[in-house]
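Subject: Structure for you to look at

Hi,

Here is the structure I promised to pass on. Have a look at it first, and then read my notes below.

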Amino acid sequence: MRTAFLAALVAAACGLLDSGSAFAQKRDRIYGQTCNQLFRSCFRICARHKGEPDWANCDADCNAGQKTCRATGVWKSRNATIMPARR
């Protein structure tokens with residue numbers, strides 16, 4: 001009984017630790033109030049994950065997000081969709 005409980009507890013803990021895609025990690029949230037701040041935040045995340053296979057196209061994604069933000073006012077990229085605050 002105790003062994004089954006511990007096995008279930010370990011399985012649950014492993015399930016919670018598996019975050020899936022690297023782009024979904026909470027600590028890597030893009031934040032900012034302008035398109036430029038969002039762009040810098042995105043590139044900081046790319047620098048943190050440089051060389052990781054899941055983040056291979058991160059720089060291109062940040063560039064696409066900035067272009068979209070400047071054209072439409074909404075940051076749209078693979079890892080976030082954000083409406084920047086207008087000043």
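Which residues in α2 are buried? Before I get to that, some housekeeping: this is a predicted model, where local features need pLDDT of at least 70 and side-chain atom pairs count only at pLDDT 80 or more, while totals for chains, interfaces and linings use all residues. Residues are numbered from 1 along each chain as its sequence is written, and side-chain values use heavy atoms, with hydrogens and water left out.

Now α2. The buried residues in this helix are C35, L38, F39, S41, C42, I45 and C46. Buried here means under 20% relative accessible area, with exposed over 50% and partly exposed in between (1.4 Å probe, protein chains only). They cover an arc of only 165° around the axis, which puts them on the same side of α2; the arc is that of the directions from the helix axis to the C-beta atoms. Helices (H or I, at least four residues) and strands (E, at least two) are DSSP runs, numbered from the N terminus.

Next, the disulfides. Taking a disulfide as a pair of cysteine sulfur atoms within 2.5 Å, the count comes to three.

- C35 is joined to C69, S to S 1.9 Å. C35 lies in helix α2 and C69 in helix α3, so this pair ties together parts that are 34 residues apart in sequence. The torsion about the S-S bond is about -80°, so the link is left-handed. C35 counts as buried at 14% relative accessibility, and C69 is buried at 2%.
- C42 is joined to C62, again S to S 1.9 Å. C42 in helix α2 and C62 in helix α3 are 20 residues apart. With a torsion of about -85°, this disulfide is left-handed. Both C42 and C62 are buried.
- C46 and C58 form a disulfide with their sulfur atoms 1.9 Å apart. C46 lies in helix α2 and C58 in helix α3, so the pair ties together parts twelve residues apart in sequence. This link is left-handed as well, with -80° about the S-S bond.

In sequence order, the bonded cysteines pair 1-6, 2-5, 3-4.

Leaving out residues up to four places away in sequence, I82 touches I30, L38, V74 and W75.

Last, S77 in strand β1 (residues 75-77). S77 is buried, at 15% relative accessible area, and its side chain makes a polar contact with that of W75 (2.9 Å). A polar contact is a pair of N or O atoms within 3.5 Å; within protein, one must be able to donate a hydrogen and the other to accept it, and residues adjacent in sequence count only if both atoms are side-chain atoms.

Cheers

Technical notes. Contact means heavy atoms within 4.5 Å.
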